[in-house]
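Where does a strand sit among its neighbours, and what does it pack against? Look at the model below with that in mind.

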Amino acid sequence: MTMTRRKVLQAAVLLLPGPAIATRTAFAKGKPAPKDAVLYFVWPQDGTVIKGAFWCRFGLRNMGVTHAGDDFHNSGHHHLLIDVNEPLNPDEPIPQDKSHLHFGAGQTEARIELPPGKHTLQLVLGDADHFPFVPPVISKKITVRIR
Amino acid sequence: MRGDIRDINSGKNAGTPENGVPRRLAAIVAGDISGYSRLMQLDEEGTHARVRRLERDLIEPTIREHHGRLIKTTGDGFIAIFDSPVEAVRCGIVIQQNMIGRNTALSKAQWIEYRIGINLGDVIIDTDDVFGDGVNVAARLEGLADPGEVFISGGIYEQIKHKIVCGYESLGDRKVKNITDPVRVYRVLPDPSAFKRRRVQKRGVVIVSLSLIVLVLAGGVLWYLTMQTRSRLPRVAFKSTPSEQAASSSHAAKSSALTSTAANSTTPTTPSAPVNETAAQQSAKVPDTSPTAAPTVAAVPPAATPVPQAAPPPPMEPEMVPLPGGSFTMGSNEDPSERPVHEVTVKRFAIGKYPVSIREWNQCAAAKACPFTASGPDDAPAGNLSWSDAKQFTAWLAGTTGKAYRLPTEAEWEYAARAGTRTRYWWGDQLMPDVASCKNCTQVASNDPPSKVGAFKPNPFGLHDMGGTVDQWVEDCFHKNYQGAPNDGSAWRDDGCTSHVLRSGSWRNDARYVRPSNRDGYDTQVRYPTHGFRVALTL
């Protein structure tokens, strides 16, 4: 009985026109990114002195922001690296810890609170599976000072 | 010295005093029913009931599935916001396509048709409403749309044009009431070839309606045949055990759109029959490709197939360790997120001896109650799971076993992880080699995912991997610290929170993360390779 029903459903899918929306397929390491993609901080800028907590705003040109897990062409989600000095490993998902913040729900800004002192900030775009793109879409590393 | 981050707010629960009014960029979806007053005149109570049902069975779940938030419903419409324009438009399309299916069984006079407008704009979000120009434009776009159509603004179009395979028909710049600048308007055509088809629409309509008639007829015959079969079946076939009902109810949200269609167009059905659920779920999995097809067809078979199935073998339950209730000191001063240190009392409960393994997870996947089959060694901890995935597993486990399986609360997790100790780690204040799976914690450096659970010594409660191995989801919403946390061991929940708490740290985190008091938050719906969970059981 289940078989019959499934067949009917399949037949119906074939018969009626439906929207062809890309679904997630098998994954490879690091999706290709367009050469002209630019990832940058809308705010703060390099050298900004900030008092207390702040909204960090992420800018992206020539690519789109989507949810982690959504495998749309030329789109990914933001990761904010705070005081990270180790180089990024292109063959591994971007780490997830207190200095690698993930914005897999497609956020384009975040409220950040850091202890007083100098801190570096850097953005990395991750693909559906959190891998960096090839070539990596990465922002300039900026330094901010928290008073 | 590396600074710690004291507060992370994704911007979802915006609104901090120093920031003034919480503003954010959002895709706003405005929908309303065309000819609502005509429908109300026709049948006031009936229309009201149908609209409520639509909201419950179609609008709300569809918005949720597309990671949106329903801000409010008015008598005949709704307003929702989405982080992603792509998801907003997909949601609009799914609703419209589903409505086509729902209307086919009715006479034209009874059709409920939504008009949907979508705009991208900066909005102010209040607790139960949303304000700003962007909302007004979305509402105006909706007013311009014909019944059954989705109109989007130029801003949305720019974001989605290469991401959703659709046809877009430019309608040029339109002047809208009370908005100074003209708005560029596009009509969304769910399937790209529809753009050309609009010209020969009349012929198309004939073909589509003919095929629908054929389908409905075929469906009718099938329904008739299966009804025959059903009447010959013993009544017992309709009875499902309470646990099965619980299992199926956990999927009710997903499949309700489809089962309720069945309820609309056929006799009152037996939505609790477990077989229906799997079918509805399977079809619910493909709403993007067959939203028009599924409802029409689903209207027939689900009602008709409560064939007695051999009960699946009971699942192998995770090994549980019962713990006595007690008080303990929760939190630490090592990280701002772990403050203030506070006393918590937990009731007795049981917790999984290990994190849920791939073998255990895949039982749920095989039962079609969990969203995907994990690959890897059977004994390895299941990973790449979102909080919602973990919740689906516990709902399934509770449903099939009839036992109160659930996620542990954050307090329960820390109580179990400390196992009566007050030191930095459960084994003492100093890191020791080879006691936990974390980065640089083992003598032989390795970056590979753990190949089995329980590879290291258990803590004094006999629990393995309470720290390291895989991050573990708990029930609580993430809060940046314990200010205002409950002290009775219960979960700290908020309505509609978008991130939940992770405990334990993983093989890719260093020793700081293995501490029993360490905590972090992560987006509820997002999967990441190192994220798993363990189950708890109310005793």
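## The model

This is a predicted model. Read every contact below as part of that prediction.

## A buried strand

Start with strand β5 of chain A, residues 75-82. 8 of its 8 residues are buried, so β5(A) is largely enclosed by the rest of the structure.

## Its partners

Strand β4 of chain A, residues 64-65, runs parallel to β5(A), and 2 bridges join them. Here A:Gly64 stands opposite A:Ser75.

Strand β8 of chain A covers residues 117-126 and pairs with β5(A) in the antiparallel sense, over 6 bridges. A:His79 has A:Val124 in β8(A) as its bridge partner. Strand β6 of chain A, residues 100-103, is also antiparallel to β5(A), with 4 bridges. In β6(A), A:Leu101 stands opposite A:Leu80.

Which residues does A:Leu80 touch? Leaving out residues up to four places away in sequence, its contacts are A:Cys56, A:Leu101, A:Ala110, A:Leu121 and A:Leu123. In soluble globular proteins, nonpolar side chains tend to be buried together.

The largest nonpolar core has 84 residues. A:Leu80, B:Trp361, B:Phe393 and B:Ala416 touch the most other members. Helix α14 of chain B, residues 387-401, gives the most to this core: 7 residues.

Technical notes:
Residues are numbered from 1 along each chain as its sequence is written. Chains are lettered from A and ligands numbered from 1 in the order in which they are written. This is a predicted model: local features need pLDDT of at least 70, side-chain atom pairs count only at pLDDT 80 or more; totals for chains, interfaces and linings use all residues. A residue is buried if 20 or more other C-beta atoms lie within 10 Å of its own, exposed if 12 or fewer, and partly exposed in between; C-beta atoms are placed from the backbone. Two strands pair if DSSP finds at least two bridges between them. A nonpolar core is a set of buried Ala, Val, Leu, Ile, Met, Phe, Trp, Tyr and Cys residues joined through C-beta atoms within 7 Å. Two residues are in contact if their C-beta atoms, placed from the backbone, lie within 7 Å.
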